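Biologist: I am new to this structure and would be grateful for a close look at a single part of it. Please begin with the sheet and then describe its surroundings.

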Amino acid sequence: MSTPPSPRSVSSQSSEVTVVANDIRSLCRDVREREMLRRHVSFRIGGPADVLVLPRSVDELRTAVSWLFSHDVPFTILGQGSNVLIADAGIRGIVIKIGKGLDRFSFEKTRLVAEAGVGLPHLARAAATKGLAGLEFAAGIPASLGGAVVMNAGAHGHAMSEVVREVRVLTPDGEQILGPPDLGFGYRTTVLQQRRAVVLEATVELTQSDPVSVRGRTDEWLQHRSDTQPIGPPSSGCIFRNPQGDHAGRLIDLAGAKGLALGGARVSEVHANYILNTGEATAADVLGLIHKVSGVVAEKFGVRLEPEIKLLGEFSQAN
Ligand SMILES: Cc1cc2nc3c(=O)[nH]c(=O)nc-3n(C[C@H](O)[C@H](O)[C@H](O)COP(=O)(O)OP(=O)(O)OC[C@H]3O[C@@H](n4cnc5c(N)ncnc54)[C@H](O)[C@@H]3O)c2cc1C
């Protein structure tokens with residue numbers, strides 16, 4: 001790792017972006033300018049990042065983020081990009097994608113310690129092979145571990161909050177280890193969504209069982225997923241949070257909004273809480289369809305649906 005550039009004041013204005021990119025290049029090997037973000041997210045939608053940083057190790061991530069914090073340069077974090085809608089105009093300033101290169105993990109008896117970029121399905125399979133129970137619900141969630149912690153991802157009545165014991169985060173005040181009481185787990189949320197904190201690593205506690213039953217449960221839930229959710233066209237999973245005591249998909253279906261379309265975006269016929277990119281959808285199409293669907297549901301049931309996906313980047317006022 002090379003020596004960090006000497007501290008100086010940097011703003012996130014576009015005129016400074018190339019200068020910042022060059023500084024970050026001395027810390028991370030893979031730094032790209034004007035990289036289209038649609039290549040890095042599951043929806044396959046989104047314009048360019050001024051600067052996209054792809055750290056190849058926890059050390060690179062740590063050094064780059066510490067430098068950005070110390071220079072007060074704002075940045076956006078992406079994991080696998082499976083719960084985001086990125087604006088057509090893209091994201092100004094720095095985007096850091098955490099994935100490949102931050103994918104080491106190890107087991108210590110029933111404890112699994114893993115870096116933030118490792119894929120959740122990969123971890124779930126590795127745990128199943130060892131007969132460790134607790135992550136079966138996660139085998140079909142296309143997340144990075146970091147993104148899954150931040151979102152408190154879940155399925156089949158289970159969620160990350162049940163298994164996460166410790167999370168190592170980098171903050172403007174340095175590195176911290178957070179336990180469940182600090183993380184404020186709730187339905188698809190944690191306090192990390194409001195804090196300037198980057199997840200570096202997490203520790204998950206599993207239960208010793210046997211490979212056959214863990215694999216059996218995993219396969220059953222994967223089968224249920226492929227029977228009830230659209231497979232194929234790009235999406236960001238469920239678009240709306242489930243309202244208290246109900247399912248957004250059920251309300252959208254009953255409101256007759258299945259199949260509703262705008263431009264290249266269409267409400268799935270298989271699962272009404274999915275919006276699909278049928279090929280050439282723009283973020284404006286998806287956002288317009290989100291407004292349309294929530295309007296129909298509000299009119300029919302008086303329920304205001306809230307998006308589960310994170311809107312990132314520059315959305316125009318017209319949206
Ligand atoms: C086909 C499909 C099926 C899905 N099924 C499910 C499901 O069953 N259950 C479910 O809960 N979700 C589901 N999702 C949504 C998505 O997989 C989850 O929300 C997942 O947790 C997002 O992880 P990610 O790594 O892609 O994060 P991203 O989408 O990249 O980011 C999500 C948020 O987390 C932040 N973030 C990501 N990584 C870090 C980090 N290391 N440090 C700090 N902040 C970070 C980002 O800034 C962003 O705000 C599905 C998505 C798809 C496309």
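Modeller: In this predicted model, Phe 75 stands opposite Ile 94 in strand 5. That position belongs to a pairing between strand 3 and strand 5, the latter covering residues 91-97, which run in the parallel sense over four bridges. In general, the strands of a sheet pair through backbone hydrogen bonds, in either a parallel or an antiparallel manner.

The pair is part of an open sheet of four strands, arranged in the order 1-2-5-3 with mixed pairing. Strand 1 (31-36) and strand 3 (75-78) stand at the edges; each has a single partner strand, and therefore one side of each is left without a neighbour in the sheet. From one strand to the next, the twist averages 35 degrees. Helix 2, made of residues 58-70, packs on this sheet and touches strand 3 and strand 5. The direction of helix 2 makes about 150 degrees with that of strand 5.

The ligand may be considered next. There are 33 residues around the ligand, and those that come nearest are Ile 77, Gly 79, Ser 82, Ser 144 and Gly 154. A backbone N or O atom of Gln 80 lies 2.9 Å from an oxygen atom of the ligand. Gly 154 has a polar backbone atom 2.6 Å from a nitrogen atom of the ligand. Arg 225 takes part with its side chain, where an N or O atom is 2.7 Å from an oxygen atom of the ligand.

Asn 277 counts as buried because its relative accessibility is 3%, and buried means under 20%. The side chain of Asn 277 reaches the backbone nitrogen of Gly 279 at 2.9 Å. A polar atom of that side chain also lies 3.0 Å from the backbone nitrogen of Ala 281. Leaving aside residues up to four places away in sequence, Asn 277 touches Phe 43, Arg 44, Ile 45, Pro 233, Pro 234 and Gly 264.

Finally, the cysteines may be mentioned. A disulfide is a covalent bond between the sulfur atoms of two cysteines. The structure holds zero disulfides. Cys 28 is buried, with a relative accessible area of 1%, whereas Cys 238 is partly exposed, with a relative accessible area of 25%.

Methods: Residues numbered from 1 in each chain as written. Predicted model: local features only at pLDDT ≥ 70, side-chain atom pairs only at ≥ 80, totals over all residues. Heavy atoms only, no water. Pairing = 2+ DSSP bridges. Helix = DSSP H or I, 4+ residues; strand = E, 2+ residues; numbered from the N terminus. Axes fitted to C-alpha atoms, helices over the stretch in contact; angles between N-to-C directions. Contact = heavy atoms within 4.5 Å. Disulfide = S-S within 2.5 Å. Buried < 20%, exposed > 50% of the residue type's maximum accessible area, 1.4 Å probe, protein only. Near = heavy atom within 4 Å. Polar contact = N/O pair within 3.5 Å; in protein donor to acceptor, adjacent residues only side chain to side chain.
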